[in-house]
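Please keep the sequence and the model in view while reading.

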Amino acid sequence: MQGGAQAGFSQSEQSAGSGTAPPPTFDAASAKVTPAGQAPQNFGVKCENGRLTVRNTPLITIVSWAYELNPADIILPGWTRNPGMPNYDIDAKADGSVPPAQVKLMLQKLLADRFKFAAHHELREGVHMVL
C-alpha cells in the first residue's frame with residue numbers, strides 16, 4: 001500500500017464544538033503570485049526564528065513542505081501542475097521564535113484561509129518497482 005495525500009481547493013470544513021484547539025496562525029502574512037520574469041535562482045522555502053519566506057515557488061512545493069510529504073505522493077488537480085501555473089511568494093511572521101514544526105502548521109492554516117486549500121490523507125494501493 002502506498003500512503004498519499006489527496007488535496008483539493010475547496011472550503012475546508014471544521015466540526016463545530018469538536019473541542020480541539022484552533023490551529024496556530026501567523027501574526028502577519030502576505031501571499032501573492034510571483035511577479036513575471038523573476039530570476040529562477042530566487043526559489044524555495046526558508047524558515048528561521050518564526051519567520052517564513054517563500055520565493056518563486058510552485059504550489060506543489062509549498063504543500064509538500066507544509067505537510068512534510070514527497071511531491072510524488074501528493075495528488076492535486078491536474079491544472080496545478082501546468083507549466084503555465086504561477087509560482088508564489090509568501091512572507092509570514094509568527095509572534096516570537098517558534099519551531100519549524102509549528103510554522104508548518106501555521107502554513108497549513110494559511111493555505112486553507114488564503115487559497116481555500118483542503119487536504120486529507122488516504123492510503124492507495126499501487127505497483128512499486130524496487131531497483
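This is a predicted model: local features need pLDDT of at least 70, side-chain atom pairs count only at pLDDT 80 or more; totals for chains, interfaces and linings use all residues.

## How two helices cross

Helices α1 and α2 cross in a left-handed manner. The axis of α1, which spans residues 59-67, comes within 8 Å of the axis of α2, and the two cross at roughly 135°. The arrangement of α1 relative to α2 is therefore oblique, because angles over 145 degrees would be needed for roughly antiparallel and 65 to 115 for roughly perpendicular.

On the α1 side, the contact is formed by Leu59, Ile62, Val63, Trp65, Ala66 and Tyr67, which meet Val103, Lys104, Leu107, Gln108 and Leu111 of α2. Classified by residue type, this contact comprises nine nonpolar residues, one polar residue and one charged residue.

## Helix α2 and its end

Helix α2 covers residues 100-115, a run of 16 residues. From its first C-alpha to its last, α2 reaches 21 Å, which is close to the 22 Å expected at 1.5 Å a residue.

Which residues of α2 are buried? They are Val103, Lys104, Met106, Leu107, Lys109, Leu110, Leu111, Ala112 and Phe115. Just after the helix, Lys116 adopts a positive phi of about 55°.

Leaving aside residues up to four places away in sequence, Arg114 touches Ala29, Ser30 and Ala31. Ala31 stands 83 residues from Arg114 along the chain, yet the C-alpha atoms of these two residues are separated by 7.7 Å.

## Two asparagines with positive phi

Asn49 is not a glycine, although its phi is positive, at about 50°. Asn49 belongs to the loop that runs between β3 (44-48) and β4 (51-57). Is Asn49 buried or exposed? Its relative accessibility is 60%, so Asn49 counts as exposed.

Asn56 likewise has a positive phi, near 50°, in a residue other than glycine. The location of Asn56 is strand β4. Its relative accessible area is 9%, so Asn56 is buried. To set the pair side by side, Asn49 is exposed, whereas Asn56 is buried.

Terms used: Residues are numbered from 1 along each chain as its sequence is written. Side-chain values use heavy atoms; hydrogens and water are left out. Helices (H or I, at least four residues) and strands (E, at least two) are DSSP runs, numbered from the N terminus. The expected span of a helix is 1.5 Å times one less than its number of residues. Buried means under 20% relative accessible area, exposed over 50%, partly exposed in between (1.4 Å probe, protein chains only). Axes are lines fitted to C-alpha atoms, for helices over the stretch in contact, and angles run from 0 to 180 degrees between N-to-C directions. Angles under 35 degrees count as roughly parallel, over 145 as roughly antiparallel, 65 to 115 as roughly perpendicular and the rest as oblique. A crossing is left-handed if the near helix is turned anticlockwise from the far one by less than a right angle, and right-handed if clockwise. Contact means heavy atoms within 4.5 Å. Ala, Val, Leu, Ile, Met, Phe, Trp, Tyr, Cys and Pro count as nonpolar, Asp, Glu, Lys and Arg as charged, and the others, Gly among them, as polar.
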